[in-house]
Amino acid sequence: MSVEKILSEWKIGAYKPIYWLEGEEPYFIDKIVDHAEHKILNESEAGFNLTVFYGRDADWTAVVNACRRYPMFSDRQVVLLKEAQHMKDIEKLEGYVSKPLSSTIFVVAYKDKKMDGRTNFSKVIKKNGELFQSKKIFENQLPDWTRGMIQSKGYDITPQALQLLIDNIGNDLNRLENEVEKVWINLGNTKTIDESAIEKYVGISKEFNAFELQAAIGKKDLAKAIRIIQYFKANPKAAPIQLILPAVYSYFSKVYCIFGMDDKSENGVKGLFSNNFYAAKDALATAKTFGISGVEKILLLLHQYNLRSIGIHDAGTSDADLMKEMVVKMVS
């Protein structure tokens with residue numbers, strides 16, 4: 001069951017006694033838990049009928065006793081177990097899970113892990129409640145997910161602004177939503193987010209960013225690449241090397257994939273770049289400019305300079321000097 005399905009059922013008062021939320025993507029788990037904590041009960045009901053535990057400090061008997069209480073001045077109560085992956089003896093909740101109270105909504109946030117589906121505990125949860133698995137969004141799914149998230153708020157975003165946002169933030173869904181919220185709070189009556197809005201309210205330059213750096217390297221435009229790195233040097237918080245190098249590596253690893261593809265047309269390659277024809281066209285040009293050996297050289301250099309950026313085989317060269325040195329080697 002999806003997040004949207006669970007929340008839509010809750011909005012019409014359709015509840016199951018247990019919701020076990022597990023998986024690697026915290027964003028979707030946080031969405032469900034936040035709704036359970038703040039939306040199921042009204043303010044007066046929550047004072048008597050909302051109980052929150054944290055796994056590292058929670059005792060299983062206290063959790064079970066809370067779940068077995070009957071609600072006061074309400075038809076239901078909510079018991080939340082956050083950070084359940086840190087709870088000792090969590091499997092001892094099986095006794096309650098086997099016979100849960102229909103008046104209790106027990107929500108368990110079990111982040112970064114999955115329980116063993118072969119255990120009786122898992123089978124009982126599936127039988128008496130809802131098992132939700134929160135999976136990471138793949139890179140090729142990120143543009144559609146981000147656009148959908150923005151459109152669900154009643155806004156739209158230009159392809160250029162979307163690319164700028166994703167290239168600089170990546171698949172941190174919570175941060176993506178937070179940054180977009182900054183933008184639409186300041187947009188006023190404007191309903192379309194463009195590059196200027198991203199630059200002004202998120203703090204990502206539309207001229208000096210990881211996307212423009214990889215484009216400059218792809219065209220062997222050393223002068224532009226150095227100008228971008230100089231901007232990074234003057235604005236270290238806007239583009240730390242630990243974010244820039246993975247972004248550039250991601251791009252050139254996709255370019256490298258082109259050499260192994262049967263269909264090297266823009267239409268055949270666009271799937272590597274979220275079906276973006278413009279990005280596919282640029283990538284094909286980069287592949288032609290460097291050839292397979294040139295792209296392999298770039299990937300190797302990115303690996304070497306990533307190690308140097310964290311102090312391996314380097315005596316403390318500044319981030320800007322590391323990037324300049326790397327870029328010169330790439331385009332030479």
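Start inside the protein: a search of the whole structure turns up 1 cavity of 30 Å³ or more. This is a predicted model.

**Stop 1: the cavity.** Select Asn168, Gly203, Ile204, Ser205, Phe208, Asn209, Tyr231, Phe232, Ala238 and Ala239, which line the largest cavity. The space inside is about 40 Å³. Colour the lining by class and you get 6 nonpolar, 4 polar and no charged residues.

**Stop 2: the largest pocket.** Next, select Gln163, Asp167, Gln214, Ala247 and Tyr251. Of the 36 residues lining the largest pocket, these lie nearest its centre. The elements that each give two or more residues to this lining are helices H7 (142-151), H8 (159-169), H11 (210-218), H13 (241-258) and H15 (277-309). Show H13 by itself: the largest share of the lining, 7 residues, comes from H13. The pocket holds about 740 Å³ of space. Its lining has 17 nonpolar, 11 polar and 8 charged residues.

**Stop 3: the second largest pocket.** Move to Val3, Leu7, Tyr27, Lys31 and Glu177. They lie nearest the centre of the second largest pocket, which is lined by 17 residues. Helix H1 (3-11), helix H2 (26-38) and H7 each give two or more residues to that lining. The volume here is about 410 Å³. By class, expect 6 nonpolar, 4 polar and 7 charged residues.

**Stop 4: a surface patch.** Finish on the outside. Select Phe48, Met72 and Phe73, a nonpolar patch on the surface with about 370 Å² of accessible area together. Now zoom in on Phe48, in helix H3 (residues 43-49). Is Phe48 buried or partly exposed? Phe48 is partly exposed, because its relative accessible area is 47%.

How values were computed. Residues numbered from 1 in each chain as written. Predicted model: local features only at pLDDT ≥ 70, side-chain atom pairs only at ≥ 80, totals over all residues. Heavy atoms only, no water. 1 Å grid on protein atoms, 1.4 Å probe; cavity = no way out; pocket = protein on both sides within 12 Å on 5 of 7 lines; lining within 4 Å. Points joined across faces, edges and corners; volume = space filled by probe spheres on them. Nonpolar A, V, L, I, M, F, W, Y, C, P; charged D, E, K, R; others polar. Patch = residues over 30% accessible without salt bridge, like charges linked within 9 Å, V, L, I, M, F, W, Y side chains within 5 Å. Areas by Shrake-Rupley, 256 points an atom, 1.4 Å probe, with all protein chains shown as cover. Salt bridge = Lys/Arg side-chain N within 4 Å of Asp/Glu carboxyl O. Helix = DSSP H or I, 4+ residues; strand = E, 2+ residues; numbered from the N terminus. Buried < 20%, exposed > 50% of the residue type's maximum accessible area, 1.4 Å probe, protein only.
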